[in-house]
Amino acid sequence: MFSENDHATLVLMLKRVSTGDRAAFEEIYRRTSVKLFGVCLRILPVRQEAEDVLQEAYLSVWQKAGSFDAERGSAMTWLITLTRNRAIDRLRAKGRITTAPVELAVDVADPQPDAPSLIEASQDERRLAHCLGTLEGGDAVLIRTAFFSGSTYADLAERASLPLGTIKSRIRRALLKLRACLS
């Protein structure tokens, strides 16, 4: 649910978009894309079609933001109407979109992890972040750079202007502390 403040912010962002402000456009997208995608999915049950229409709708927002008149209605209503009209235009242009019966969806594998897996991964990330936060003197940066960014120990030694053996020792001690913290 949008608050009055959210509506005022959208109005301001649309004015900025009309002058070519990309940051304002990104902010509008961030605030409204979920809701507008839902509008697309209600009209176009095929996800790819809905995604295409959402993209077209945001292109229209970019091109027509200057035509939005806050005196005539809320910014969110304008965005929903624009998106809805794009989706209906798509339906009309393509004719009736054929869809498979919903019963066939049972056999379609979802490539996304299930909710329990996502929760577990999130909890693991929080635990790892906490444990990395307990490391001393830049050891967390060494771990992140070596294992998450893919830098070699030699690269780290050169960047830190430290001997390679020192970097290896610090990372080994830090990994042992991480293991203890995570267990």
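**Reading a helix pair and a surface patch**

Modeller: In this predicted model, helix α6 (residues 139–148) packs against α8 at an angle of about 95°, their axes lying 9 Å apart. Helices here are DSSP runs of H or I with at least four residues, numbered from the N terminus. Residues count from 1 along each chain as its sequence is written, local features need pLDDT of at least 70, and side-chain values use heavy atoms.

Biologist: By which values are two packed helices described?

Modeller: Two packed helices are described by the angle between their axes and the distance between the axes. Axes are lines fitted to C-alpha atoms, for helices over the stretch in contact, and angles run from 0 to 180 degrees between N-to-C directions. Because 65 to 115 degrees counts as roughly perpendicular, α6 and α8 are roughly perpendicular to each other. Contact (heavy atoms within 4.5 Å) involves, among others, L142 and F147 of α6 and I171 and L175 of α8.

Biologist: Where is L175 found, and is L175 buried or partly exposed?

Modeller: L175 is found in helix α8, which covers residues 164–182. Buried means under 20% relative accessible area, exposed over 50%, and partly exposed in between, with a 1.4 Å probe and protein chains only; L175, at 34%, is partly exposed.

Biologist: Which residues make the nonpolar surface patch?

Modeller: F147, F148 and L175 make that patch, of about 300 Å².

Biologist: How many helices and strands does the chain have?

Modeller: The chain has eight helices and zero strands, and of its 183 residues 29% are buried.

Terms used. Predicted model: local features only at pLDDT ≥ 70, side-chain atom pairs only at ≥ 80, totals over all residues. Patch = residues over 30% accessible without salt bridge, like charges linked within 9 Å, V, L, I, M, F, W, Y side chains within 5 Å. Areas by Shrake-Rupley, 256 points an atom, 1.4 Å probe, with all protein chains shown as cover. Salt bridge = Lys/Arg side-chain N within 4 Å of Asp/Glu carboxyl O. Helix = DSSP H or I, 4+ residues; strand = E, 2+ residues; numbered from the N terminus. Parallel < 35°, antiparallel > 145°, perpendicular 65-115°, else oblique.
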